[in-house]
Amino acid sequence: MQVIRKGSAPAERGTTFTGETTLERYLAGGAEGISLSVVHFKDGSRTHWHEHPGEQILFILEGRGRVGTENEEIEVGPGDVIYTGPGERHWHGAAPGASMTHISITRGGPPVWGEPPE
């Protein structure tokens with residue numbers, strides 16, 4: 001068993017995001033390739049397009065956000081859960097004029113990053 005205390009993960013600036021985003025990695029690719037991060041998006045910032053080799057689950061903690069695929073864009077808020085299947089190209093982040101924080105749980109290894117969304 002491992003206990004990881006709140007605030008023990010160093011905050012880092014994301015390099016695959018538009019705008020100001022801070023990432024706290026609490027687990028990074030354990031035995032099953034499971035990662036858990038808390039991501040803070042400022043006013044309208046979001047990830048670049050990306051795909052995960054395994055699933056991704058996002059749990060929105062606070063604020064107002066958006067998630068998008070090739071075919072749709074959906075506004076999300078506190079308590080919403082977003083499931084993305086393996087290989088599904090997508091992005092996520094804060095809505096314009098808002099901030100948003102989510103927990104990200106992934107498995108299967110690191111994402112493959114693409115270009116920023118337009």
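**Notes on a predicted all-strand model**

1. Thr47 sits in strand E5, which covers residues 46-47. The model is predicted. Thr47 has 1% relative accessibility, and buried means under 20%, so Thr47 counts as buried. Beyond its neighbours within four places in sequence, Thr47 contacts Thr16, Phe17, Phe41, Trp91, His92, Trp113 and Pro117.

2. Met100 belongs to strand E12. Its relative accessible area is 1%, so Met100 is buried too. Setting aside residues up to four places away in sequence, Met100 touches Val39, His40, Phe41, Ile60, Glu62, Gly63, Arg64, Gly65, Gly93 and Ala94. One of these partners, His40, is 60 residues away along the chain, yet the two C-alpha atoms are 6.1 Å apart.

3. Now the fold as a whole. The chain has 13 strands and 0 helices. Its pattern along the sequence is therefore β-β-β-β-β-β-β-β-β-β-β-β-β. Of the contacts with a separation of 6 or more, 64% join residues 24 or more positions apart.

4. What radius of gyration does the chain have, and what would a compact globule with 118 residues have? The chain has 13 Å; a compact globule would be near 13 Å, so the two agree. The C-alpha trace spans about 40 × 30 × 25 Å along its principal axes. Buried residues account for 39% of the 118 residues. The accessible surface is about 6700 Å², and carbon and sulfur atoms hold 52% of that area.

5. The largest pocket has a volume of about 450 Å³. Its lining comprises 27 residues; Leu23, Arg25, Ser37, Pro111 and Trp113 lie nearest the centre. Strands E1 (11-13), E3 (21-27), E4 (35-41) and E12 (100-106) each supply at least two lining residues. E12 is the strand that holds Met100.

Key: Residues are numbered from 1 along each chain as its sequence is written. This is a predicted model: local features need pLDDT of at least 70, side-chain atom pairs count only at pLDDT 80 or more; totals for chains, interfaces and linings use all residues. Side-chain values use heavy atoms; hydrogens and water are left out. On a 1 Å grid over the protein atoms alone, a cavity is a set of points where a 1.4 Å probe fits but cannot get out, and a pocket is an open set with protein on both sides within 12 Å along at least five of seven lines; lining residues have an atom within 4 Å of a point. Grid points are joined across faces, edges and corners, and a volume is the space filled by probe spheres set on the points. Helices (H or I, at least four residues) and strands (E, at least two) are DSSP runs, numbered from the N terminus. Buried means under 20% relative accessible area, exposed over 50%, partly exposed in between (1.4 Å probe, protein chains only). Contact means heavy atoms within 4.5 Å. The radius of gyration is taken over C-alpha atoms; the globule rule is 2.2 Å times the number of residues to the power 0.38. Accessible areas come from the Shrake-Rupley method with a 1.4 Å probe; for residues, only the protein chains shown count as cover.
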